[in-house]
Amino acid sequence: MDSAGSDRAASADGSITSAKIVVAGGFGVGKTTLVGAVSEIVPLTTEAMMTTASIGVDDASNTPGKNTTTVAMDFGRITMADDLILYLFGTPGQTRFWFMWDELIRGALGATVLVDTRRITDSFSAIDFFENRKLPYLVAVNHFDNTPRYELNEIRDALTVPEHVPLMRCDARHRESVKGVLIAVVEHAIAELHRERAAAAPAVAHSG
Amino acid sequence: MQTSGRDPRGSLVRPYAVTRGRTEPRREIALEAVMLTTVRGLHEVQFTGRDKQLIARLCDGKPHSLAEIAAHLRQPLGVARVLAADMVSDGQLALHESKLDDSSDDRLDVLERVLSGLRRL
């Protein structure tokens, strides 16, 4: 009955692979909802502490407790096999904590930027970040009740998202919809990887 | 959260009291890297502090990531990382790291496995 036979073989040495997909987007856009829709655990929150000095906040008052701030990230988990676990990490609400974003994307399979059309500018910095770091990502437009519906090409224009970046609608509350987004992220990442390989391969008949 | 006002480290003091002031972990551990308690860890944990006991119990028989460990301990990531790194270095936790930055063959394998896994959801 082992339909996951190939999965078992991969763990012959007993090692467990954990992978992650990053879910970015503005505050309140639905990142935690999205994670919760597919996670086998109720989304957990982890916090990192950082000193405000490193983001250039001047505090002449030397008030106790003002030197540090915490950055919180919600995350979930999907166990796919005994030796394969996928984590979904939401980015911190505050976009100024780039050191944390670097850690979040390190080794990530890909990312999704979740968009609220009423607050479209909230997505810009996440899109720029992923473009810069060359992490495969796609844009998912979240459904909000009683919100005007825009055409995807209008949204693409408003976000100035390049053509090769997939853009799709989703409803972060619905498991099947979120599943669709994650599948699209991974398919896109695979396509990007193949493109990279093709570009790196020595050209056969390339004169001049 | 008010602290002893005169300490220049401010509110960093309290969480890092657990690690006796150490803020640098003995090794790096990625957020999503998973850990399992070893047999040695299960035996030795009764002689360690409360936090390491919690970690050992959490990771006994079921792999948990650094992020999960921090969340369950209710400690900042940095503190959890110092504690977990100690336990890994002391052979009490087995660390599973997936170096997906590297070879794109590994990366492609994992991507394809994850894709199958997602489709089966």
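I then looked up chain B as a whole: its mean pLDDT is 87, and 85% of its residues reach 70 or more. For the complex, I noted an ipTM of 0.87 and a pTM of 0.87 from the predictor.

I noted the ground rules. This is a predicted model, in which local features need pLDDT of at least 70 and side-chain atom pairs count only at pLDDT 80 or more, while totals for chains, interfaces and linings use all residues. Residues are numbered from 1 along each chain as its sequence is written, chains are lettered from A and ligands numbered from 1 in the order in which they are written, and side-chain values use heavy atoms, with hydrogens and water left out.

Next I looked up A:V22. I found A:V22 in strand β1, residues 17–25 of chain A; a strand is a DSSP run of E, at least two residues, numbered from the N terminus. Beyond its neighbours within four places in sequence, A:V22 is in contact with residues including A:F89, A:L104, A:I105 and A:F130. I also checked A:Y137: its C-alpha atom is separated from that of A:V22 by 8.9 Å, and the two are 115 residues apart along the chain.

Definitions and conventions:
Helices (H or I, at least four residues) and strands (E, at least two) are DSSP runs, numbered from the N terminus. Contact means heavy atoms within 4.5 Å. pLDDT is the predictor's confidence in each residue, from 0 to 100.
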